Amino acid sequence: MDTPPEGYRRNVGICLINSSKKIFAASRLDIPDAWQMPQGGIDENEDPRNAAIRELREETGVTSADIVAEAPNWLTYDFPPGVRAKLKQQWGSDWKGQAQKWFLLKFTGKDEEVNLLGDGTEKAEFGQWSWISPQEIVDRAVDFKKPVYEEVIKVFSPHLQ
């Protein structure tokens with residue numbers, strides 16, 4: 001799938017790893033006990049690679065990271081009805097779910113660089129963060145994102161050993 005399917009919001013996902021091959025995860029402020037990797041929408045005419053770098057900076061403050069790999073296909077998930085209704089109100093668009101282009105980035109900075117207020121251009125989304133194992137990120141994700149997270153870990157597994 002070279003292009004995202006119709007009816008899905010174009011989005012990027014960022015699997016940020018440190019030198020110990022642990023994955024950056026953060027807890028959502030709006031969903032108790034839900035942890036996720038950074039992600040966000042792709043602007044009109046924006047290259048997904050540039051969107052990944054921008055979203056990482058906006059959500060975590062991190063600028064010290066290099067792209068290592070890109071998932072070959074767009075991965076999709078559907079929003080549960082309640083989430084879809086909330087986002088329709090918030091975004092003004094009725095998306096079935098999100099089609100994500102995933103990137104693996106290697107963190108080259110120091111942990112002190114992480115700032116969950118991001119770069120100040122967007123409202124904070126996360127309350128806490130941690131470096132965790134690939135299995136932990138799958139286990140801590142909301143149910144509707146778990147299949148995508150499992151696929152992301154599988155695709156990037158050569159880099160996570």
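In this predicted model, the side chains of Lys101 and Glu70 meet in a salt bridge of 3.4 Å, N to O, a salt bridge being a side-chain nitrogen of Lys or Arg within 4 Å of a carboxyl oxygen of Asp or Glu. The pair links distant parts of the chain, with Lys101 in strand S7 (residues 97–107) and Glu70 in strand S5 (residues 65–70), 31 residues apart. Helices (H or I, at least four residues) and strands (E, at least two) are DSSP runs, numbered from the N terminus. Lys101 has 8% relative accessibility and therefore counts as buried, whereas Glu70, at 35%, counts as partly exposed; buried means under 20% relative accessible area, exposed over 50%, and partly exposed in between, with a 1.4 Å probe and protein chains only. The model is predicted, so that local features need pLDDT of at least 70 and side-chain atom pairs count only at pLDDT 80 or more, while totals for chains, interfaces and linings use all residues. Residues are numbered from 1 along each chain as its sequence is written, and side-chain values use heavy atoms, with hydrogens and water left out.

Lys101 is also one of the residues in contact with Asn11, when neighbours of Asn11 within four places in sequence are left aside; the others are Gln39, Gly40, Gly41, Ile42, Trp74, Gln98, Ala99 and Gln100, contact meaning heavy atoms within 4.5 Å. Asn11 is found in strand S1 (residues 8–17) and, at 1% relative accessibility, counts as buried. A polar contact of 3.0 Å joins the side chains of Asn11 and Gln100; such a contact is a pair of N or O atoms within 3.5 Å, where within protein one must be able to donate a hydrogen and the other to accept it, and residues adjacent in sequence count only if both atoms are side-chain atoms.

A search of the whole structure finds 13 salt bridges. One of them joins the side chains of Arg28 and Asp30, at 2.8 Å from N to O; Arg28 counts as buried at 19% relative accessibility, and Asp30 counts as partly exposed at 39%. Another is formed by Lys154 with Glu151, the closest N and O atoms being 3.6 Å apart. Lys154 and Glu151 both lie in helix H4 (residues 146–160), three residues apart, about one turn of the helix. Of this pair, Lys154 counts as exposed at 57% relative accessibility, and Glu151 counts as partly exposed at 28%. Salt bridges that share partners also join Asp43, Glu46, Arg54, Glu55 and Glu58 into one network.

As to the overall fold, the secondary structure of the protein comes to four helices and eight strands, which follow the pattern β-β-β-β-α-β-β-α-β-β-α-α along the sequence. The radius of gyration, taken over C-alpha atoms, is 15 Å, close to the 15 Å that the globule rule gives for 161 residues, so the protein is as compact as a globular protein of that length; the rule is 2.2 Å times the number of residues to the power 0.38. Buried residues make up 45% of the 161 residues, and among contacts between residues at least 6 apart in sequence, 75% join residues at least 24 apart.
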